[in-house]
Amino acid sequence: GLRVQISHFKIDTPSIWGSSKETIALVEDFRKQGVDVVVDQYPYDHSSTNLGITLPSWALADGQKAIEERLASPETRKRVAGEMKKMLADLGHPDYSYAIVANYGADAALNGKNISEINKAAGRAATVDNEIETILEMIVKGGAQMVYHSMGMEDVERILRYPNTAIASDGGIREFGSGMPHPRSYGTNARVLAEFVRARGTLTLEDAVRRMTSLPARTFRFQDRGQLREGFAADVLVFDPAKVKDVSTYADPHHYTEGFDYVLVNGQAVVSEGKLNEVRPGRILRHKAE
C-alpha cells in the first residue's frame, strides 16, 4: 500500500548497459498491479559519489581510523586489492580512468584528474594493480569526492523517455569555484531543455516541463505546487527555449546556466533578467494527505 519513489534510476555498470529495458519493464509491472511507483533521473552519463565505493564494503566499516588500520596490514591490504580488481572487471572497466577526482582534501592539485593520470604522475607503470595502490593511498589520506563515467547514453535516453521519470539533479549546494563537482549541481534542468528537447528531440518541451513540475508535485503530494493555476503558489520560471543552455561541464563545472530570465518563488522574484536577487522567499514543503 505504500507509494514508491526510485531515485537516481540508472544503469551504472558498463557490463550490463542496455538493461534499462528490463528495469523499466519491472516498474511498469508493478504499476499495472496498482503500485504507485515513479522514478527520477539526472540527465548525465557520469555519476558522482566518494572514492570509497571502489573498495569492498567490508573494508570501509567503522570509520576512517579502522580503514587506516586495516590497510596498514599487508595481508588485509592484499585482500582488499584483490577484491577491488575483481570488482573492476565485473563492472566492465579496463582500468580506473573512468574515475575522476572532484575534490581531494589532501591535494587539491589532483582535482579534475582521473586515477590513471594520477597513477602515472606518481611515476608508476600504467597497470590496474598500481592504480589500486594509488586509490588505497588516497583512501588512507581521507579519500575524495569523485565523478565516475559509468553510464551509457542509450540507457540515459531510454529512461528519460519513460513517462513516469521525473527530473532530479542529485546535486548538492556548491561553493562557487571550489573543487571539481559534477555539473549536475548547476545544469540539470537546463541540460534537459537544451540537449534532450532542443538538440536531440528526446522529449517535447511540454513533457520536459511536466517532468520537472507537476509530476514531482503529484508524487510528493504538494497540492498547491507544480502547475500555473489560480490558488496555487506563484512559483514561476520564465525562459527562452531557444537560448536556455547548461554551461557547466565536467572539466569546468562552475558556471550558472543561461537563458533562465525570471524565477519567482512564492510570488517574489529571486532572479530578474538573469541576475540573482538577494531575497529568500522559499520555505520547506510538506506533503498534504489526500
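Let's start with Arg225: it is buried, at a relative accessible area of 9%. Buried means under 20%, exposed over 50%, and partly exposed in between, with a 1.4 Å probe and protein chains only.

A word on the model. It is predicted, so local features need pLDDT of at least 70 and side-chain atom pairs 80 or more, while totals for chains, interfaces and linings use all residues. Residues are numbered from 1 along each chain as its sequence is written, and side-chain values use heavy atoms, without hydrogens and water.

Back to Arg225. Which residue forms a salt bridge with Arg225? Asp235 does, with the closest N and O atoms 2.6 Å apart. A salt bridge here is a side-chain nitrogen of Lys or Arg within 4 Å of a carboxyl oxygen of Asp or Glu. Both residues lie in the loop between helix H9 (214–219) and E7, so the pair ties together parts 10 residues apart in sequence. Helices (H or I, at least four residues) and strands (E, at least two) are DSSP runs, numbered from the N terminus. Asp235 is partly exposed, at 32% relative accessibility.

The structure holds 20 salt bridges. Another one joins Glu157 and Arg200, at 2.9 Å, N to O. Glu157 sits in helix H6, Arg200 in the loop between H7 and H8, 43 residues apart. Glu157 is buried at 17%; Arg200 is partly exposed at 39%.

Now helix H2, residues 63–72. Ala66, Ile67, Arg70 and Leu71 are buried.
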